[in-house]
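User: I would like to study this structure step by step. Please guide me through the surroundings of the ligand and then through one residue of the protein.

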Amino acid sequence: MALRFFNTYSREIEEFELRNPGARPIRMYTCGPTVYSRAHIGNFRAYVFEDLLQRHLELRGYKVDRVMNITDVEDKTIRGAREAGVPLQKFTKQFKNAFFEDAGTLRIKRADEYPAATDQRYIDRMIEMISALISKGLAYQADDKSVYFRINKFPDYGKLAHFDLTQLQSTGRVKHDEYDKEHIGDFALWKAWDEADGDVKWDSPWGPGRPGWHIECSAMSMALLGDQIDIHCGGVDNIFPHHEAEIAQSEGVTGKKFVQYWLHCAHLLVDGQKMAKSLGNFYTVPDVLTKGYTGRELRYALLRVHYRVPLNFTWEGMNEARESLARIDEWLARLRKCSASVSLAGTKDRQAGSMPYTFEDALDDDLNISAALGFLFESIRETNRAMDQNEMDAISANAWLDWWKRINTVLDLEAEIDVTVPEEVAQLAQQRENARREKNWKRSDELRDQISALGWEVRDTKDGSKLTRRTGSA
Ligand code: AMP
Ligand code: ZN
């Protein structure tokens, strides 16, 4: 069965075929966190889905080059830094660190690059793109000195969201603070500096200011992955206006199709409502850990439902995740015991991998994780029965363990085994503990980065700092 995904652009299931086939990696761009507060587990549903997608593509033999941006300059980060009375970089750093810590807890593979919007390299790229759009008549500077994208000049605007532009016009509602724009739907590419921005500003041909959120992703994906990318992901709330705007900007500059496959995950809900900062109905990863659950259990709870189906977060769901993982753990323990035994019993159980509808096939079908897990638990039931009846020999048990090893490269759900922390890492962790005790946060952050560079993640819990091996590191 060929690999296929639901493409938001066409609203159809499409076979996955690379535009320029050959030995080149898949270029994948995933919208990352806005670092004005700790990401909530709704955000992490999107990142876990993207992790599943990347890992499945890799299981199918592709190499994936994945970029995830860090949005560290926009209205909320500027406001947050101002209210905290600290420079923007200092304010966002704590949430960047928290993001990596939580992603490690959830065993999310690291992307190849995490570009930050405030990096001068990308600011330059954004300015270049905006200049190109102005020279093509696709953007203009308004009286308020900000630069806007002229959506009327881009006929494809609205294609991703399946949005009718004329409806937007017909409402005739123009908010007072948007009087500078030619069209209510025109969006900011460059925001002119105002007092509330403090010292957050960059020079540009249009005066001091800062980039709009949408241009950040267009510029960073183009800088790191080229004009055309294969897969672009995010949550469904990113479809409009963010991704629609990215298409307009990128295609407006290059004249080439920006993204081949758009994949969006449905929301994580609480009591039927989107989990969101603004609604105050959110939990962070540490909130869930404090309740006594593990990162592995949360990973399972976020992973187990098809990405296009809204998922209601409940503590019963967390308990179910715990039970499911316990079944997997018990099964693996039994198989390991059986694989080590010298058994002469005949093999009546089905050999791993010989089933008509396998785990991988289910994931080929638009990442149908529910079917894939259904298949796993059916296999667990059958092999347990075979072991109960003494019908499993060591060779079969080993075959099942090999199969598990293979599918676990996608799931990453095995219980943590105690790994010895290298001396160098342990020493750095101790120095970090000392720095924290002295409230030397700068030093503590530097040490965390050094620990991270050695492939370890440090997590601060109420019982002290814990070290875990970083997922995806060698
Ligand atoms: P933000 O930091 O708000 O830009 O969001 C980061 C990512 O999380 C984006 O891909 C959003 O679409 C996604 N997201 C935000 N809230 C939820 C939610 N409740 N469920 C799933 N994904 C979400
Ligand atoms: Zn984005």
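The questions and answers below concern a predicted model.

User: Which side chain has an N or O atom 2.5 Å from an oxygen atom of ligand 1?

Analyst: Two side chains may be considered here. In Asn 238, a side-chain N or O atom lies 2.9 Å from an oxygen atom of ligand 1. The distance of 2.5 Å belongs to the side chain of Asp 237.

User: How much of the area that ligand 1 exposes when taken alone does the protein bury?

Analyst: The starting value is the area of the ligand by itself. Taken alone, ligand 1 exposes 480 Å². Of this area, the protein buries 90%.

User: Which element gives the most residues to the shell around ligand 1?

Analyst: The elements that each give two or more residues to this shell are β9 (229-235) and α1 (41-59). The largest contribution is 4 residues, and it comes from α1.

User: Is Thr 105 buried or exposed?

Analyst: Thr 105 belongs to helix α3, which covers residues 88-105. Its contacts, leaving aside residues up to four places away in sequence, are Val 285, Leu 289, Gly 295, Arg 296 and Arg 459. A residue counts as buried when its relative accessible area is under 20%. Because the relative accessible area of Thr 105 is 11%, Thr 105 is buried.

Methods:
Residues numbered from 1 in each chain as written. Chains lettered and ligands numbered in written order. Predicted model: local features only at pLDDT ≥ 70, side-chain atom pairs only at ≥ 80, totals over all residues. Heavy atoms only, no water. Polar contact = N/O pair within 3.5 Å; in protein donor to acceptor, adjacent residues only side chain to side chain. Areas by Shrake-Rupley, 256 points an atom, 1.4 Å probe, with all protein chains shown as cover. Buried < 20%, exposed > 50% of the residue type's maximum accessible area, 1.4 Å probe, protein only. Contact = heavy atoms within 4.5 Å.
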